[in-house]
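Subject: Structure for you to look at

Hello,

Here is the structure I said I would pass on.

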Amino acid sequence: MSSPTGPASGLPVRMPRPRQAGRHRRPEPLAAPEGAPALVLAVPGTPSAATRSLAEEVVSIARSELPGLDARIGYLDGDDEFPTLQSVLAHAAEERTARFEQARAAGADVSEPDGPVGIVVPLLAGPDNALLRRIRQAVMESRVAAELTDVLGPHPLLAEALHVRLSEAGLARADRARLFTVATAADGIVLATVGGEDAVQAAGITGMLLAARLAVPVMAAALDQEGSIAAIAEELRASGSQQLALAPYLIGPELDAGLLDAAAKEAGCSAAEALGPYPAIGKLALSQYTTALGIAPPQTQGAPAF
């Protein structure tokens with residue numbers, strides 16, 4: 001038998017912790033609203049085991065930030081093994097209809113669901129108009145009420161991710177505060193993207209944030225425009241940068257195999273890895289989702305400033 005001050009047997013009892021009063025109390029944890037549409041991650045590029053692993057890691061990060069989130073993955077070029085964006089949206093719609101009919105059959109006073117079945121978030125750092133047109137077309141072909149969000153960037157968290165990938169490759173200092181230096185640190189960065197001029201301009205915004213972090217010039221160029229990478233590399237060298245690095249402003253699936261290596265060779269410099277499943281990618285995908293729903297997102301805080 002227990003008393004208000006503890007168990008009579010001497011065994012510990014986990015008591016609910018009282019809420020801290022005042023402005024320093026911890027915020028209530030955010031959870032996905034009941035019946036909220038699914039977050040459907042639209043993955044471009046040729047599907048593969050590596051692409052699936054990356055996409056699953058991104059949705060895992062999003063779920064950890066928002067408990068109860070229904071997050072799914074749809075591939076733009078899917079097949080029997082990798083579900084297409086159209087099929088994922090159609091399946092989500094069928095499940096929502098089935099839940100409604102089951103509730104009504106059980107006598108629940110429920111209204112027929114309305115609003116979008118899914119919020120489609122493109123797994124793209126920047127605006128690739130050709131891929132966005134295909135994603136939009138896939139949503140229309142699904143014949144399902146769904147909302148398409150904007151791409152993930154530009155955003156300061158992407159500048160952080162670029163910095164980390166450069167430091168992992170030994171092309172940038174990892175921690176300016178401790179004055180840790182890297183002998184191979186670049187004194188000029190070519191920020192590589194795909195998607196044409198709009199993508200280059202958007203990458204340039206994140207590039208300015210990256211330049212502020214590294215205190216070196218950063219210029220954006222298009223991997224899918226012949227001569228663009230080499231021209232920007234020459235411009236950086238003409239302005240005084242001698243040791244360049246290529247930083248992909250790309251998540252990975254949208255990048256054609258061999259394109260990055262060819263561009264690095266053309267520019268005569270080393271390249272960092274693509275952004276991949278960096279935690280910021282999952283957080284930004286969730287942020288696009290919560291913005292579309294009109295709910296407050298969890299804090300999208302990155303690591304401490306470098």
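Predicted model: local features only at pLDDT ≥ 70, side-chain atom pairs only at ≥ 80, totals over all residues.

Helix H1 (residues 49-65) and helix H8 (residues 279-293) have axes that come within 8 Å and cross at roughly 60 degrees. An angle between 35 and 65 degrees counts as oblique, so H1 is oblique to H8. The crossing of H1 past H8 is right-handed. On the H1 side, the contact is made by Val58, Ile61, Ala62 and Glu65. H8 contributes Pro279, Ile281, Gly282, Lys283, Ala285 and Leu286. Sorted by class, the residues of this H1 to H8 contact are seven nonpolar, one polar and two charged.

The other pair is helix H4 (residues 156-168) and helix H5 (residues 197-214), whose axes come within 8 Å and cross at roughly 55 degrees. H4 is therefore oblique to H5. H4 also passes H5 in a right-handed crossing. From H4, the residues in contact are Pro156, Leu158, Ala159, Glu160, Leu162, His163 and Leu166. Their partners on H5 are Thr206, Leu209, Leu210, Arg213 and Leu214. The contact of H4 with H5 comprises eight nonpolar, two polar and two charged residues.

To recap, the H1 to H8 crossing is right-handed, and the H4 to H5 crossing is right-handed.

Regards

How values were computed: Residues numbered from 1 in each chain as written. Heavy atoms only, no water. Axes fitted to C-alpha atoms, helices over the stretch in contact; angles between N-to-C directions. Helix = DSSP H or I, 4+ residues; strand = E, 2+ residues; numbered from the N terminus. Parallel < 35°, antiparallel > 145°, perpendicular 65-115°, else oblique. Left-handed = near helix turned anticlockwise from the far one by under 90°. Contact = heavy atoms within 4.5 Å. Nonpolar A, V, L, I, M, F, W, Y, C, P; charged D, E, K, R; others polar.
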